Amino acid sequence: MAPRANWKGFLRLSLVTCPVALYPATSDTEKVSFNQINRKTGHRIKYLKVDAETGDEVTSEDIVKGYKVDTDTYIEVTKDELDDIALDSTHTIEIDEFVPKADIDNRYLIRPYYLVPDGKVGHDAYAVIRETIRSMDKVAIGRVVLTNREHIIALEPLESGLMGTLLRYPYEVRSEKEYFDDIQDVKLTKDMLDLAKHIVEKKSGAFEPELFEDHYETALIDLINKKRAGTPIAAKSTPKTGGNVINLMDALKKSLASEKDAAPAAKVAKEAIKAKKSKKRVEGQREMLLPISGKGGKEAAAKEAAPKKADKPVRTTARAKKAG
């Protein structure tokens, strides 16, 4: 199923305008999520909206927004009042200026979106805006209204489309001074820095996000698969700590030696991950293995799963689940 657009409207650069749609560029739906349930009954927990003083349940039509000004005092703001101050730019991303990308502090970045032409018309105008930004090697700064609030958005070419990144306002970014003021001014020797640089060089490589692995997510899926199959869960032993570092120079030397020994194995592991990921890529939402059915199904599955230690937890595709 195609993703739904978060916003639809127009992209405008002076008198050049085209209809566009804004789609989120990231997703958390692939991650394992949990529901809260009643341990005694196994039923889901249901949350009710209740009056904090009376304890009575409150219906949606009786709930309004309120701004807290004192312990028990709120200024009530109605939906109509909020609609009255809604911004005129709700349906248009107006490009205000162009800035060098290097000028944008990373702390201001919130989340990325894909901005694409909406419909069959306006592709020419879209291409003009995209290629103008690309040719100037800058980022276009505009404004967009999402959920009744105006956001700053930075637009830049991404292959044949545009990527828009929402930016924070200055009042949302904390100053680093109150955090960094107590950091001691330490003088480091050239030998220490040289050793540290050698370690960095041993660990240097290309940015390949497809090789990233969410170890906690993998462990979660493995745990759920084992519980569904009836496999006993062994308690995890507490890892031994390396102790406190007494001598920084000795620690750097040992680190460099360990990196030299680990480099060949790391390269082999990296190539193995590449081969495995290129061989099989799971698209769409990943799902847990299907329920085990039939007499003795749990015992058989547990027996079969016990000697194996799969690199990845078993999941079925949405199509297979529907067919089953």
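**Close-up 1. The hairpin of strand 7 and strand 8 in a predicted model.** Two residues lie between the strands of this hairpin, and Thr147 adopts a positive phi near 50°. Strand 7 covers residues 139–146 and is joined to strand 8 by seven bridges, in antiparallel orientation. Two strands count as paired if DSSP finds at least two bridges between them. Val144 has His151 of strand 8 as its bridge partner. Helices (H or I, at least four residues) and strands (E, at least two) are DSSP runs, numbered from the N terminus. Residues are numbered from 1 along each chain as its sequence is written, side-chain values use heavy atoms, and hydrogens and water are left out. Because the model is predicted, local features need pLDDT of at least 70 and side-chain atom pairs count only at pLDDT 80 or more, while totals for chains, interfaces and linings use all residues.

**Close-up 2. Strand 8 and its pairing with strand 9.** Strand 8 spans residues 149–158, and seven of its 10 residues are buried. Buried means under 20% relative accessible area, exposed over 50%, and partly exposed in between (1.4 Å probe, protein chains only). Seven bridges join strand 8 to strand 9, and the two run antiparallel. Ile152 pairs with Leu167 of strand 9. Two residues separate the strands in this hairpin, where Glu159 in the turn shows a positive phi of about 55°.

**Close-up 3. Thr165 in strand 9.** Strand 9 runs over residues 161–167. Thr165 is buried, with a relative accessible area of 10%. Beyond residues up to four places away in sequence, Thr165 touches Leu109, Ile110, Arg111, Pro112, Ile152, Ile153 and Ala154. Contact means heavy atoms within 4.5 Å.

**Close-up 4. The largest nonpolar core.** This core has 21 residues; Leu11, Ile93, Leu115 and Leu155 touch the most other members. Helix 2 (123–136) is among the elements that give two or more residues. The largest share, four residues, comes from helix 2. A nonpolar core is a set of buried Ala, Val, Leu, Ile, Met, Phe, Trp, Tyr and Cys residues joined through side-chain atoms within 4.5 Å. Leu115 has contacts that include Leu11, Val20, Ile93, Tyr126 and Leu162. A second, separate core of seven residues includes Ile104, Val139, Ala154 and Leu167.

**Close-up 5. Val50 in a loop.** Val50 sits between strand 2 (16–24) and strand 3 (65–70). Val50 is partly exposed, at 46% relative accessible area. Apart from neighbours within four places in sequence, Val50 contacts Gly55, Asp56, Glu57 and Val58.
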